[in-house]
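Have the sequence and the 3D view open as you read.

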Amino acid sequence: MSRRKGLSHEEKRSKMLELFYEKKDFFMLKELEKMAPKEKGVISQAVKDVVQSLVDDNLVDTDKIGTCVYFWAFPSKASNELQARQERLEEQLSSLEEKLQDVKSKTTQAKSGREDTEERRTAVSSLESVKLQHEQLQQQLQHYADSDPHTLKLWAADAKVAVEAANRWTDNIFSIKSWCKNKFYIEEDVINKQFNIPEELEYIDQ
């Protein structure tokens, strides 16, 4: 039976971020070292270095309260960080594309048969690297779409509309029940039973 391959450093970083996002809480390092192996398969000896690398990249926040050091991270922060990083990479990409065009122009003017310059090869290599990072960031941003502040705001607005609609129907039901009791002298519990209306029917708090 083949030996199970351990997680790479990036996989450990991803697993630890998942742990923070799922728990949505504040943790001391010792707590993370206990949870990570059981829930995410990250060995306890690696937790400190992995968490520190996430702190260094501003993906995890940390603060000392008294004698204890706490760590935390929320999806919205990661989404904002990735968005900012993407914008920086897009600026770098634009700069490199301009530089590449300049190098191509100079190369065209060079003598026929002359090999590519080291400057051009470096620019091309840097450009490809930034393009790859840009594509990866686009994929990661899709992962955090549900935590985007604009998306959450839309969900909150939809929820408010739904609550208002439910309360309107509740109000209509109460009005009809009142009319039936006054018009036909029917007891409320009879009306509830006849029309399958829950006795605990109440308005929804917004």
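## A lysine with two partners

E22 and K40 form a salt bridge, with their closest N and O atoms 2.9 Å apart. (A salt bridge here is a side-chain nitrogen of Lys or Arg within 4 Å of a carboxyl oxygen of Asp or Glu.) E22 sits in helix α1 and K40 in helix α2, so this pair ties together parts that are 18 residues apart in sequence. Helices are DSSP runs of H or I with at least four residues, strands are E runs of at least two, and both are numbered from the N terminus.

K40 also meets E18 in a salt bridge, at 3.3 Å from N to O. E18 is in helix α1 too, so its pairing with K40 joins parts 22 residues apart in sequence. Is K40 buried or exposed? K40 counts as buried, because its relative accessibility is 12%. (Buried means under 20% relative accessible area, exposed over 50%, and partly exposed in between, using a 1.4 Å probe and protein chains only.) E22, at 48%, is partly exposed, and so is E18, at 29%.

## About the model

This is a predicted model, where local features need pLDDT of at least 70 and side-chain atom pairs count only at pLDDT 80 or more, while totals for chains, interfaces and linings use all residues. Residues are numbered from 1 along each chain as its sequence is written, and side-chain values use heavy atoms, leaving out hydrogens and water.

The salt bridge count comes to 5. One of them joins D57 and R13, at 2.8 Å from N to O. D57 is in the loop between α3 and β2 (61-65), while R13 is in helix α1, 44 residues away. R13 is buried, with a relative accessible area of 11%, whereas D57 is partly exposed at 41%. E10 joins in as well: E10, R13 and D57 are linked in a network of salt bridges.

## The nonpolar cores

A nonpolar core is a set of buried Ala, Val, Leu, Ile, Met, Phe, Trp, Tyr and Cys residues joined through side-chain atoms within 4.5 Å. Which members touch the most others in the largest core? Out of its 20 residues, they are M16, F20, L32 and V60. Helices α1 (9-23), α2 (29-40) and α3 (44-56) each supply at least two residues, and α3 gives the largest share, 6 residues.

There's also a second, separate core of 7 residues, with L93, L96, L100 and L137 among them.
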